[in-house]
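Subject: Structure handover

Hello,

Here is the structure we talked about. Please open it alongside this email.

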Amino acid sequence: MTAPRVERRFVRVPQGEIHCAIAGAGRPVLLLHQTPRSWDEYRDVLPLLGHRFRAIAMDTLGFGDSSKPATGADSIELWAEAAVAVLDALELESVAVVGHHTGAVVAVELAAVHSSRIAAAVLSSAPFVDAAYRAAHSGRAVVDEVERRPDGSHLAELWRLRQPLYPPGDTNLLERFVVDALKAGERAGEGHRVVARYDMERALPSIECPVLLLDASADPHASPFVPRLHAALPTSKVVRIDGGMVPLPDQLPMEFAQAVECFVAGL
């Protein structure tokens with residue numbers, strides 16, 4: 001079967017220009033990446049989902065090739081508003097939203113505050129951001145924050161900090177991460193702080209759409225939160241992906257796409 005063509009385009013929204021990659025036709029599925037990644041996190045997932053759906057992977061505001069808001073303006077709420085603006089620009093009334101790590105937190109905000117636009121949500125490796133989480137991460141050093149140095153050694157540091165979270169020996173995935181981290185600049189670390197500032201307890205009780213929780217079994221930063229999220233979301237079910245790590249969508253694109261496809265097709 002021929003893979004659907006991936007179209008790259010910029011979408012004008014009130015927050016600026018949002019870069020999107022789009023494949024296929026049918027029920028629309030919006031894909032939101034973790035920070036500091038970009039649509040490239042879904043590069044191999046897009047054509048797989050595009051066989052059955054209209055799959056849209058957008059660069060979150062401030063990341064990838066999308067416009068950069070003013071320093072200090074980033075928030076989950078702002079990123080969600082920009083995502084809704086993309087839906088408006090593409091004339092999409094309702095979508096299934098898929099978010100991984102940071103993208104899953106944005107998906108929570110979308111499903112809670114913009115429920116009329118979200119038919120279902122896939123939360124992949126989502127944290128559970130409560131008061132204890134916020135306190136634990138306040139003022140704490142984050143994995144992708146490095147000091148830029150004239151000799152370029154910060155590139156090796158970015159690699160070294162992320163390497164334990166990636167499959168051993170997979171240089172391709174780490175190279176793709178470093179490219180995105182460099183594009184994000186100072187937001188490479190700030191994205192983690194934005195998540196830690198989010199008031200998720202406010203949002204979760206408002207989510208009524210069907211929810212799929214993807215549990216990457218080898219992701220130590222997210223897998224432990226799955227039971228709490230499952231308990232907090234009565235409409236949720238859990239699918240475990242064995243061996244899945246922090247870069248789940250680009251590490252195991254076939255397994256990831258298959259889980260999303262089965263869930264969305266069954267709505």
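Below are the findings, grouped by region.

This is a predicted model.

**Helices H2 and H3**

Start with the packing of two helices. H2 covers residues 76–89 and H3 covers residues 102–113. Their axes lie 9 Å apart, at an angle of about 75 degrees. The range for roughly perpendicular is 65 to 115 degrees, so H2 is roughly perpendicular to H3.

On the H2 side, the contact uses Ile76, Glu77, Trp79, Ala80, Ala83 and Val84. On the H3 side, it uses Thr102, Val105, Val106, Glu109 and Leu110. By type, the residues of this contact are eight nonpolar, one polar and two charged.

**The nonpolar cores**

The largest nonpolar core has 66 residues. Leu30, Leu110, Leu123 and Ile207 touch the most other members. H2 is the top contributor to this core, giving 10 residues. Leu110 is also one of the H3 residues that meet H2.

Leu123 is worth a look. Setting aside residues up to four places away in sequence, Leu123 touches Gly99, Ala104, Ala107, Val108, Val211, Leu212, Leu213, Leu214 and Leu233.

There is also a second, separate core, with 28 residues. Its members include Leu31, Leu214, Ile241 and Val260.

**Helix H7**

H7 runs over residues 187–197. Its buried residues are Arg187, Ala188, Gly189, Gly191, Val194, Val195 and Ala196. What covers them? The cover includes H2, H3, H4 (131–137) and H6 (171–184).

**Val45 and its partners**

Val45 is in helix H1, residues 45–50. Its relative accessible area is 0%, so Val45 is buried. Which residues does Val45 contact beyond its neighbours within four places in sequence? They are Pro249, Pro253, Phe256 and Ala257. Val45 and Val260 are 215 residues apart along the chain, with their C-alpha atoms separated by 9.9 Å.

**The loop between S4 and H2**

Ala70 lies in the loop between strand S4 (54–58) and H2. Thr71 is found in that loop too. Ala70 has a relative accessible area of 53%, so Ala70 is exposed. Thr71 is at 64%, and therefore counts as exposed as well.

Thr71 touches Glu186 and Arg187, not counting residues up to four places away in sequence. Arg187 is one of the buried residues of H7. Ala70 and Asp199 are 129 residues apart along the chain, and their C-alpha atoms are separated by 22 Å.

**Backbone points to check**

- Thr35 and Pro36 are joined by a cis peptide bond, with omega about 5 degrees. Pro36 sits in the loop between strand S3 (28–32) and H1.
- Glu91 has phi near 60 degrees, a positive value in a residue other than glycine. Glu91 is in the loop between H2 and strand S5 (95–100). Its relative accessibility is 72%, so Glu91 counts as exposed.
- Ser125 has phi near 55 degrees, also a positive value in a residue other than glycine. Ser125 is in the loop between strand S6 (118–124) and H4. Its relative accessible area is 2%, so Ser125 is buried.

**Cysteines**

How many disulfides does the model contain? The count is zero. A disulfide needs two cysteine sulfur atoms within 2.5 Å. For Cys262, the closest cysteine sulfur is in Cys209, 18 Å away, and that is too far for a bond. Cys262 counts as exposed, at 56% relative accessibility. Cys20 counts as buried, at 0%.

Best wishes

Key
Residues numbered from 1 in each chain as written. Predicted model: local features only at pLDDT ≥ 70, side-chain atom pairs only at ≥ 80, totals over all residues. Heavy atoms only, no water. Axes fitted to C-alpha atoms, helices over the stretch in contact; angles between N-to-C directions. Helix = DSSP H or I, 4+ residues; strand = E, 2+ residues; numbered from the N terminus. Parallel < 35°, antiparallel > 145°, perpendicular 65-115°, else oblique. Contact = heavy atoms within 4.5 Å. Nonpolar A, V, L, I, M, F, W, Y, C, P; charged D, E, K, R; others polar. Buried < 20%, exposed > 50% of the residue type's maximum accessible area, 1.4 Å probe, protein only. Core = buried A, V, L, I, M, F, W, Y, C linked by side-chain atoms within 4.5 Å.
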